[in-house]
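Let's take a walk through a protein together. Have a look at the picture first, then read on.

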Amino acid sequence: MANKAKEYLEVALINKESGNHNKAIDLLKKSLSLADDPIAINNLAICYQSIGNYSKAEEIFIKAINNNQFFLETYLNLALINFSFDQPNKSFEYLMQPFIKNDELNINKNTDIWIKSFPYIIMALNLIALKFKTFNEIHIKLLKFTLSDPDVRTKDLRPALSFYSDAKIKDIDNNIKLTKEDKIKAVTEDSLISSYIENEVNTGLITENFFTTRRTLISGYVANNKIKKDYEVYIEKFLKMIVMQNINNQYIWSISERDKKNIKIVEKRILDIVNKDDEVSYIDLLLLMSYEEILSYKKIYKFLKNQPKNKYPKLKEILKKEILNREEEENISKNIKSFSNIEDNISKKVKSQYEENPYPRWMSVSNIQNNKDLKTGESYTNYFDVILNNLPVKGKPVETKKPRMLVAGCGTGKQPISISLADKNLDIDAFDISLASLSYGIRMARELRINNINWFQADILDLKKIEKKYDMIECVGVLHHMNDPEKGFNELEKKLKPFGLMKIGVYAKHFRDGRLKELKKIVKKENYKTDLPSIRKFREHIKNSNNESYKAISNTSDFHSSSNFRDLLMHAHESSFTIPELEKIFKIGTDYNFLGFEFPKDQYNKIIRSYNKSFPEDIKRNNLKNWDIFEEKNPDLFAVMYQFYLQKNQ
Ligand SMILES: C[S@@+](CC[C@H](N)C(=O)[O-])C[C@H]1O[C@@H](n2cnc3c(N)ncnc32)[C@H](O)[C@@H]1O
C-alpha cells in the first residue's frame, strides 16, 4: 500500500514540475488516500495555489500546520496566498513565524528560509504601510534590520519609509515639550529618516512640509549669524539631509519669498569671500545648496570646482554628486557612438526634453526582488526563465549560449542595468536619442562594474542602420513619445529574430485620460513652462487643491522629483492607447502572440487573483478581450502603463 502511495506521489511531482497541476492534484489525492505524508499534503496545496484556487490551498496549508505536518516554506506559501487576498498584515505574520522567539526577532540571515522570505517581508512592510497606515514595534525593528542589509536599497522600502517618516515627524512636531530646535535635532537623530531622506526621493508631504518650513527658519538664523551653538551640528546635519534630498528630487521643493531674501544675503556673503579667494563657511554653502543646485550660482560653482580636492572635506559627498559626476557625464557624452542624425520633428522635441531632464534619475536598482516567480517565491538565475516558465511561449525562442537583447529607448540605463544585474550572460545593446540620459546610464554602469552593455545613440526610426538581430527586444515607455508609434514598432520588429520575444510598455488611455487630463488642461490654461520655477509653481497648485483626483497624483512617486514630474504631466509629446488599439498596432493574433501583462511586483498576486475570479476559464491569462472588460471595471489597473510580452509568430 505505502509503495503504491509513493509511486503516485513520485508521478504527481513529475506532473507538477511540468506544469500539469490538475493531473498532479488527482495523483496526490490518490496518494493521500493510501498514506498520510507531509510532502504530498504540501504539494497538493502548492498545486491548488498554482491553478489559482487559493482558498483551497490555504485550507490545506493551515490544516498541515495544525497537524504538525508542515515545512518552513508552508509559512511562505501562506504569505503569498494572503498577498492575493490583499491581506499583507497576515502575510507578514506568516512570513515572520520562523523568525520570532518570545516576541523578539530571531533571524539567521544564512538560512534558506530567510533568503527566500526576505523579499516578501519587505513587500509586506511596504503594503502594510500603504494599506493600514500603522506600524507596530516589530515592523519598525524589522525596518531597521532590513535596511542594515547591504543588498537592500532604501528604494526597496520607499513606501514603508515614506509612511514611517511622515508618522514620526508628525509625532515630533506635535510634541509640545520640544522647542523648535529640539524638533530639528530629533529628526536628524532618527536613523531611518536620515537614511531615507539622504538616499531616496521623499514622497511624504508631511516630511516635505517639515523640512521646507524649518529650512526657512534656519535660513533666517544663517543669514543673520544667529545659530545657537548647542544646535549647530544638528542644523548642519539637517541642511545636509536637505541637500542630499534635493539631489535626489532635482530641487523640486518650492522656495518662499522669505527664503529668497535670506538666500540673497548668504549668497552675497559667499561671493565677497570668493572674490578674496578665501575660505567659505561650510554652513553658508550648505544653506545655498539646500535651495538650488550649485551650478545655478555660476561664480560659486566655478570657485568650488577649482578648489584643491580636500579643501571642503565635509562637502565631499555633495561635491562628488553635484560637480564630479556632472563633469564625468559631460566627458562620457563626447564619446558615445551615434547611428542617427535625429531628423524627425517629434524625435527632436522629445530629445530636447530628455537632454534637459533625463529620465528616470535613479539612485539604485533593487537587488533582492529580481527574477522571482511571484506565485511561488522561487528564484531564477536566468533572465529568460521567468518569462519562459510563466508565459505561454512557444518552442525555444532564445539562443541559450549568449542571448542578444536590445533595449530601445533605454533612458538613463536603469532598465538595461537591472537586466544585466539579473543575468550576466546576456549580450545587451542599449540605445536612446538623449545623450544626457545615456551618459547618466554609462556612468552608473561603471560605478556598478557592469560591462555587458553596449551603449549608443540612435532614433528608433534609424534602426535599419544596424545589422544585428536580437532574441529579445524591450521597449518600455518609449513608443508613445513617437510621432507614429506603429512605425516605431515596425522598425523594432525588423531587428527581432524569428519567434523572438518583445517586451513593450505604452500608456493606457483609461488611466491617462481619466486621472491626468484635467491636470494637463491646467498646464495649458495657466501657461506653465517646463523650467524648474514653473514646475515648482504647478506642483504647489496641485498640492493646495482639494480635488481628490489631484490628491491621488500627489501620492505617486513621479510627483516628487522634477524630471519625473515633467515626464508625468508636462511631456513634449505623448499618446495613449486602449487594449483594442494595442491589438492592431502590435499585430496581435496575426504576426504576434500576446503572452501576458506584467504588473508591479507588490500588486501582482492581488491582480491575478481578481482576474482569475472574473475569468476562471482563461488559465493562461492572455485573452485580451477579457482584459479589456477587466480594465473597464478597474480604470487605474494600468496606471504605470500597459507592460506586456509578445512573441513573433515566425
Ligand atoms: C520615459 S523614458 C523611458 C526610459 C526607459 N525605457 C525606462 O523605462 O526606464 C523614454 C525614453 O525614450 C527615449 N526616446 C523617445 N523617443 C525615442 C526614439 N524615437 N528613439 C529612441 N529613443 C527614444 C527618450 O529619450 C527617453 O529616454
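## The sheet

You'll find an open sheet of 7 strands here, with mixed pairing and the order β5-β4-β3-β6-β7-β9-β8. (Strands are DSSP runs of E, at least two residues long, and are numbered from the N terminus; two of them pair if DSSP finds at least two bridges between them.) At the edges stand β5 (453-457) and β8 (592-597), each with a single partner strand, so one side of each has no neighbour in the sheet. From one strand to the next, the twist averages 20°, using axes that are lines fitted to C-alpha atoms and angles that run from 0 to 180 degrees between N-to-C directions.

Now zoom in on β4 (residues 427-432), which pairs with β5 in the parallel sense over 5 bridges. Here F431 stands opposite F456 in β5.

## About the model

This is a predicted model: local features need pLDDT of at least 70, side-chain atom pairs count only at pLDDT 80 or more, and totals for chains, interfaces and linings use all residues. Residue numbers start from 1 along each chain as its sequence is written.

## The domains

The protein is divided into domain 1 (2-157), domain 2 (175-330), domain 3 (345-506 + 578-648) and domain 4 (512-569), with bounds from an automatic or database domain assignment. Between domain 2 and domain 4, the C-alpha centres lie 26 Å apart. In domain 2, 10 residues are in contact with 13 residues of domain 4, meaning that their C-beta atoms, placed from the backbone, lie within 7 Å.

Note on methods
Two residues are in contact if their C-beta atoms, placed from the backbone, lie within 7 Å. Helices (H or I, at least four residues) and strands (E, at least two) are DSSP runs, numbered from the N terminus.
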